[in-house]
Amino acid sequence: MLKKMKTLLFVAGILVLAFQTTKVSAEENYSVSICSYDITNSQSCKGGQFRIYCDDYGNDELYYGGNNYFLMKNTVIRVKAYPDNGYAFVGWYKGKYLGGDNQVAEPYTTPVAELSTDTEYTFVLSEDTVICPVFEKSYLINFVDIGNVWDRLDPIHEIPFTGEVNPNEDGLDQFISIDEERWIGEEDMITSKTPGKVALGKKYSYETTIRAAEGYVFNTSEIRFVYGGTEYENVQIKYEDNNRKVTVSGFVPDTVVKPMSIKEAKITGVEDKEYTGKAITQTPKITVENTVLVEGVDYEISYANNVNQGTATMTITGKGNYGETATVTFKIYGKMVNKDYSTGKTPGKTAIKKAKKKGKKLSLKLSKAKYAQKYEIRIYKSKKEAKKDKNPIIKKKVKKLNYSISSKKIKKYKTIYVRVRAIATYGNLTRLGKWTKVKVVK
């Protein structure tokens, strides 16, 4: 150690010559002593190194300590600390010299008062000065496992940043957190702190910044990085904040933004339609979340088998920010030339909204049923017969929703029982709706 310190002092002497450009009196010079300090083990010249720059002179050499400089008053001095692997920088401290008569002792200097917590510190020389870059031993993080990165980019949605730290074999994942995620484009950058949308057709690269908890640092020489179950050896890693933070890239493949699939859109408003002898079209409503897409801008529509009875196909082809195709089918039913009515729609269920009996007259008010062409009314003399559809005293088919029936049979019974169903007829095919509940009329 003594031999090493003497060598450093010799180097320092050379630096003094370099810093001094003119001869000055002793009263105009002050001494500067700098020595690293490992606060964990209470040792000088341990834990990290430093560089020193004076005025216009820059020195790229790294030192642990034992350096004494004699410089002119008011010299501007800039120093920068560099922690060793496994150490974290604590701060620049005003120091106390423990050696005697320029003899190196252990420890050589010791910190007394904090000056700055920044790795780089600048001061103006106004007195004899002792300073120490102080370092502390930290737990080394050797293994990082990242997962769940959202890489399905599209030009419609803001990127949902979902990256997370997975449990790892070191058991130190609880001391690691993702500080920021970024997708870096050719002309823009979208981050988890400044979210936005990516541009169609542009290439984006992913990187993430990971931070270690207080008392932990990343291993700068042997760190292993895993993503999606694969260990990557050629990732780009940038260490920051005294190795407490790393920015990693090169493990998620670059992505060229493609149009969003139109298959992910919601398509409504497509209905079965009656045969007309002409091409049948639809006016669908196509939405992505709360955005209604515009035909001709976001998509085009084409049809197949949309003239005759049967199953027609509507193809929606994405355009602009949307790609691929989605298909929807619908039925064409009705008056076909070949009298095939097998696809006729079954009408919905009607309801008896109002029923009034007076003398031999029964007045009914019905609700409209979808696809109904007529309504069949049946009247019974008992509830049991009505439920089993036996021996109706009156059967009537009407087209109107408000209808009155007049018959002596209605007057004959104090209480009658009524039920109704909707009917749709397609040539020789009849489709029947469901019966209403039995209505008791007195």
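## A salt-bridge network

Glu376, Arg378, Asp389, Arg419 and Arg421 are joined in a network of salt bridges (a salt bridge puts a side-chain nitrogen of Lys or Arg within 4 Å of a carboxyl oxygen of Asp or Glu). Searching the whole structure turns up 17 salt bridges.

This is a predicted model, where local features need pLDDT of at least 70 and side-chain atom pairs count only at pLDDT 80 or more, while totals for chains, interfaces and linings use all residues. Residues are numbered from 1 along each chain as its sequence is written, and side-chain values use heavy atoms, with hydrogens and water left out.

Start with arginine 182 and glutamate 180, whose side chains meet in a salt bridge at 3.1 Å, N to O. Both arginine 182 and glutamate 180 are buried (under 20% relative accessible area, with exposed over 50% and partly exposed in between; 1.4 Å probe, protein chains only).

Lysine 381 pairs with glutamate 385, their closest N and O atoms being 3.2 Å apart. Here lysine 381 is partly exposed at 35% relative accessible area, whereas glutamate 385 is buried at 15%. Lysine 345 and aspartate 272 also form a salt bridge, at 3.0 Å, N to O.

## The largest pocket

The largest pocket is lined by 13 residues, and Arg152, Leu153, Asp154, Pro259 and Glu264 lie nearest its centre. On a 1 Å grid over the protein atoms alone, a pocket is an open set of points where a 1.4 Å probe fits, with protein on both sides within 12 Å along at least five of seven lines; lining residues have an atom within 4 Å of a point.
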